[in-house]
Amino acid sequence: MTDQHPPAALDDASAPGAPEIRPGRSLRWSWVWLVPLLALVVALSLLASVWVRNGPVITITFPSAAGIEVGQTKLRYRNVVVGEVKNVRVSEDREHVLVDVQLAREGAKFITQKDAKFWVVSPRVSMAGISGLDTLLSGVYISVDAPVSPPEGASVTQFVGLLNPPEVLSGEAGKRYQLHATSLGSLTVGSPVYYRRIEVGRVVNYEMAQDGRAVDMQIFVQSPYDRFVTPDTRFWNDSGVDMSLSAEGVQIRTSGLSAILNGGITFAQADESSAFEGTIDDKPAPAGARYTLFDSRDRALADPDGDPVSVEFRFFDSVRGLRVGAEIDYHGMWIGRVVDIDLELDRKNQRFFSRVRAQIFPKRFGQAYLDLVETVHGATGYALLNPLIKHGLRAQLRSASLLTGQQYVALDVFPKEKTDAVIPGNPKDTDAYIIPTVPGDFAQMQRQISNIVSKINALPINEIGLEVRDGLDNLNQLLKRLDTQLAPQAGQVLESARRSLDQVGALIGADAPLVGNVQDTLRAFENAARGLQMLADSLQAQPDQLLRGPGPDRLH
């Protein structure tokens, strides 16, 4: 193994020198970098423009997404595009769809208020008219109604869409009023409201009353026409064609073509009726005022009926021709209507009767009713009926039209029916308050006809028929005898009479001797009469000739 010795140290002349540090070259600009720089600037400008132009994204819940398409369906506010559908998806509960809408930044703070309303606009045909025809070319779109007041509170991005357009758009000037009607008739949401044949509003909502016996409606009257709605305003259902059949005959009233097709409501002031008495209240009614919707103009402008009184009639006569709604009449005046007709059994007498329930308006009796109410310390309704019943007030079925067979209930006083008995039952219990009845005119006529038929049936028709037949047989035999026996003899008698007349004619003919003899006899009678006349004249001149005789002839 050889020994290793450390290398010998290098001398200074052969050692390497220290490194020299020099600054590098400066970077030079290249046109290649211009393309990415421009792309970056364009991207930043696009992002800035999108950020400036687009607003927040809102989500609207609808039952269905029918007609809604991503990238095509627009969101419009007063027909101005303010957004676009960006996504449509099904909700987690699988019962709704969620529509994401990208809003434009301008005006987004108004749309994202909690009171904003969204609905889908599509072609719609209803009794109120045709709407959404512009969507046939452009497709369906989503419309929004946003409050016009400045936004308050935090923005909202979750909304529930409406099935139908809102009743009244935000910022629309006018007032809402409540109407109470017995039925909806031909009215619907959107039906017009008229004042003097000018369309001034529309029906915006309706619902069933709590008791299920009426319909409550809301109408909207635009400004400035809402100032004509006063506390004394009367509303009625103007269905376009009003046809009624009553004792006066057939009455037909027609309205405008729009009312005929769509129905409508008309209102007027109470003083437009000639029967109105008092001072009209012309102050505008407040919003939400409640009114009654009458079924005709005549009912609307008639005197106020006041609170009705429920009464009951029990008729043992036939009520054929009596209908629900038939009139209750007193001395030719309408005072109520029939509301129900039932068939009941009188167990005491084992007879069926017709139970007719009706509503009577005592206020129709005018000042007499008001004075009577004061005398009974404010008792109303039955305060008038009880005294009248004691003095003979009774209900009677009468014929309204012989052509249609309609009947109505007439209240009249029958003096022979006076009674001091009080109607049984508590007057506050309407089911127990009964007005007595008397047989109707038609029933009395039926009884009279029945009596006549009974008397006819009591006649011995068979015996009379036998006697008549026997008499006809005898007459027939007599005629045969006249023809066989008396006729020849009568011919002979007539022939003899003819010969006698011929002889008489020969005797009294112009050339007959008898006629000449008669003429000579008549001449002799004439000469004798002339002589007697001369004798009478001579005796009248010289009466003494009867004693002395005729004097000497003075001609010698």
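## Ground rules

This is a predicted model, where local features need pLDDT of at least 70 and side-chain atom pairs count only at pLDDT 80 or more, while totals for chains, interfaces and linings use all residues. Residues are numbered from 1 along each chain as its sequence is written, and side-chain values use heavy atoms, leaving out hydrogens and water.

## The chain overall

There are 11 helices and 24 strands here (DSSP runs numbered from the N terminus: helices are H or I with at least four residues, strands are E with at least two). Of the 556 residues, 29% are buried (under 20% relative accessible area, 1.4 Å probe, protein chains only).

As for contacts (heavy atoms within 4.5 Å), take those with a separation of 6 or more: 65% come from residues 24 or more positions apart.

## Isoleucine 142

Isoleucine 142 sits in strand E8, residues 141-145, and is buried at a relative accessible area of 0%. Beyond four places in sequence, its contacts include Ile60, Phe62, Leu75, Val99, Phe118 and Trp119. Valine 81 is 61 residues away along the chain, with 9.7 Å between the two C-alpha atoms.

## Glutamine 218

Over in strand E13 (residues 215-222) you'll find glutamine 218. Its side chain makes a polar contact with the side chain of arginine 176 at 2.8 Å (a pair of N or O atoms within 3.5 Å; within protein, one must be able to donate a hydrogen and the other to accept it, and residues adjacent in sequence count only if both atoms are side-chain atoms). Leaving out residues up to four places away, glutamine 218 also touches Glu167, Tyr177 and Val204, among others.

Terms used:
Buried < 20%, exposed > 50% of the residue type's maximum accessible area, 1.4 Å probe, protein only.
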